[in-house]
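Hi there,

Here is the structure I promised to pass on. Have a look at it first, and my notes follow below.

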Amino acid sequence: MKDLVSILDGNTFLVSDRAGDIEPSYDFPTGLFSFDTRFLSSWVLKINGERLHTLSMDDRESYRTKFFLAPGEPTHYLDAKASVIRSRSIGGSFEEELTVLNHSGKQVEFTVRLEIGSDFADLFEIKHARQKQGRTTVSVTDNELRFTYRREAFHRETVVASSMPAQVDASGMTFDIRVDAKGEWTTRLCVSTVVYGARGEDIRATLPFGGGRSADVIRVEQQELIDRAPKLGCDCEPLAGAYRCSLNDLAALRYESITLGVRLIAAGLPWFMTLFGRDSIFTSLQVVPFLPELIPPTILMLAGLQGHRVDDFRDEEPGKILHELRYGETAGFEEQPHSPYYGSADSTPLFIILIDEYERWTGDSALIRRLEPQVRAALEWIDTYGDLLGTGYLWYQTRNPSSGLQNQCWKDSWDAISYADGQLPGFPRATCELQGYAYDAKIRAARLARTFWNDPEFADRLEREAADLKQRFNHDFWIAERGYYALALDADGRQVDALTSNIGHLLWSGIVDESRAGKVVGHLLGPRLFSGWGVRTLAEDQGRYNPIGYHVGTVWPFDNSIIAWGLWRYGYRAEAGLICDAMLAASRHFGGRLPEAFAGYARDLTDYPVEYPTACSPQAWSTGTPLLLLRVMLGLEPQGEHLIIDPAVPPGMGRIELLDIPGRWGRVDALGRSRDSQGGATDS
């Protein structure tokens, strides 16, 4: 998205080129989107028939931006007699103020033309172009252009209105204007998006934050959230910048659920502006020490949509936690199974892990007691539907081979799970990190059962099952001659032997035998996996390695944050600090905003991390990464009524001071210093 500019307010967002123009695209989601529908596919400004070129741009805020433009070719800028300013903001609706400035000493006539179009494409139709099944009509009134799309009960509208008189036709608006010497002309354009419900009204209108909101209102909302977060003081500017950017992006990614009317965090712009099971849970785990109030809506939404039947089309099973929820046309007409879709094997154990982690930080026992049935149902799914082969492991294989996901772990692209030689195993598959998540879920659920549900027998059973799983896992997945855990088991129980970053998630889960942790750490920080900018998803000597392959060689910041957490858990403080330092160094080259992924090239080949061409940014679990890295560096760990502070600050980073950390113990402060600095850490 290097040459594109985005602004967003929750899951309403706009993507344009660097002059502010939008042109129809089926390669990348340019346009104005809300709830998975593109409401504007064309928005092109011309002055006297010419496109404009960018002089400068101000995009420091997530919800608004400003373009300074000039007509004509760049070689004419020196003698430009006019310029244009496009100031835009988004807040449920989209508003743009156009200002034409006449720099000459005489009155000048201009023809200002805005070409406007709406294709009402579903986000999935942009990935896979389809013929629209509904009908679009266009109506013209004074200073207003209305696009209406209907397909049975599916009804969407785009309404464009101007504050100044315009000649309106079916494809845009034209303004014939005179601008006095050294003068200017301005019009305000408002684009309203309407998502009609069964009663003929915008279904967002009754939501607490529904309808259009001004840029000033959004600014206040976002600042209120940022002000509730702990205050960071540190000697490391990349950390300070990444922390600020993360809080800003978390505030911008919040959107309102139509289902429950609560505010959730969208997974990532542009493809994933909705609730995801896995992504939302990992983001919540990263964020909970800093903004715990963001977590209950996600937990309750996932619990409320927990699977309750067997539905092959949606990969739904009783007790299973969803993968993805969509609101667009293809989901509504069941051309895609995302209403919701349950095709992930890891969301269910991660759901249990999040509930326990949330209580450990907040002491919110009421929520734990309320969700006992959902946690028990999730545990039952792990032991029944999740164990496809009855071997005591967590497996996956889609019930929907036509439109379901093949891979249902976090590396869910088609070629992500392979043997070392690059061959792909058959199905079902049991990836290693799934077993770690299941182990951790049972350990944590045992604590919940013993502490809150008054069921010590169930707790004892879960702990026995976890211990048995750990023992079997360390026997069946360990590749003794190579000193690491297999990526997966195939359907015949053979080891899928690729060396991947997944083994770092095993450290986080606690399933790794202590005697083997050192070898795992050696691989994670060795040159085959560690690029210098972070841990690659796949080691560089493996058959499918590609430094710009989505899950087969790129570096994912979220992945690295979980690995750093695992290293810290097993006592490898220096190694955890090394990953933190690498991630923060990379963040400097992305303006403090870590993208979804970047290339896996070795650091000695480049002075900067190479961009992955279609990475989401901002993406929620990349946005949460600096927060989790900060937790790791300070060594923050809740233990009952106390917060343990055991820093892992890397050399050269200096002082890190986090003030007013919220939690069950009140609000406390933490201080860490790098190992080459004097001083220690506070304890509470």
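E144 and R146 join their side chains in a salt bridge, with N and O 3.2 Å apart; the term stands for a side-chain nitrogen of Lys or Arg within 4 Å of a carboxyl oxygen of Asp or Glu. E144 is partly exposed at 22% relative accessibility, and R146 is partly exposed at 25%. By the cut-offs used here, buried is under 20% relative accessible area, exposed is over 50%, and partly exposed is in between (1.4 Å probe, protein chains only).

Before you go further, please note that this is a predicted model: local features need pLDDT of at least 70, side-chain atom pairs count only at pLDDT 80 or more, and totals for chains, interfaces and linings use all residues. Residues are numbered from 1 along each chain as its sequence is written, and side-chain values use heavy atoms, with hydrogens and water left out.

Around E144 there is some strand pairing to look at. Helices (H or I, at least four residues) and strands (E, at least two) are DSSP runs numbered from the N terminus, and two strands pair if DSSP finds at least two bridges between them. Strand 11 (residues 135–141) and strand 12 (residues 144–151) run antiparallel, joined by 7 bridges. T141 has E144 of strand 12 as its bridge partner, and E144 also stands opposite A161 in strand 13. Strands 12 and 13 are antiparallel too, with 8 bridges. Both pairs form hairpins: 2 residues separate strand 11 from strand 12, where N143 in the turn has a positive phi of about 60°, and 2 residues separate strand 12 from strand 13, where E152 has a positive phi near 55°.

P165 is in contact (heavy atoms within 4.5 Å) with N143 and F175, leaving aside neighbours within four places in sequence. P165 is exposed, at 63% relative accessible area.

Back to charges: the whole structure holds 59 salt bridges. One of them pairs D249 with R593, their closest N and O atoms being 2.8 Å apart. D249 belongs to helix 3 (residues 237–252) and R593 to the loop between helix 15 and helix 16 (620–623), so the pair ties together parts that are 344 residues apart in sequence. D249 is buried at 3% relative accessible area, while R593 is partly exposed at 25%. D490 and R494 form another, at 2.9 Å from N to O, and D490 is buried at 2%. There is also a network of salt bridges whose members include D356, R444, E637 and R664.

What about the nonpolar core? The term means a set of buried Ala, Val, Leu, Ile, Met, Phe, Trp, Tyr and Cys residues joined through side-chain atoms within 4.5 Å. The largest one has 172 residues, and F351 and L524 have the most contacts inside it. Helix 10 (residues 432–451) gives the most to this core, with 10 residues. Apart from it lies another core of 44 residues, among them V112, F154, A166 and V195.

Best wishes
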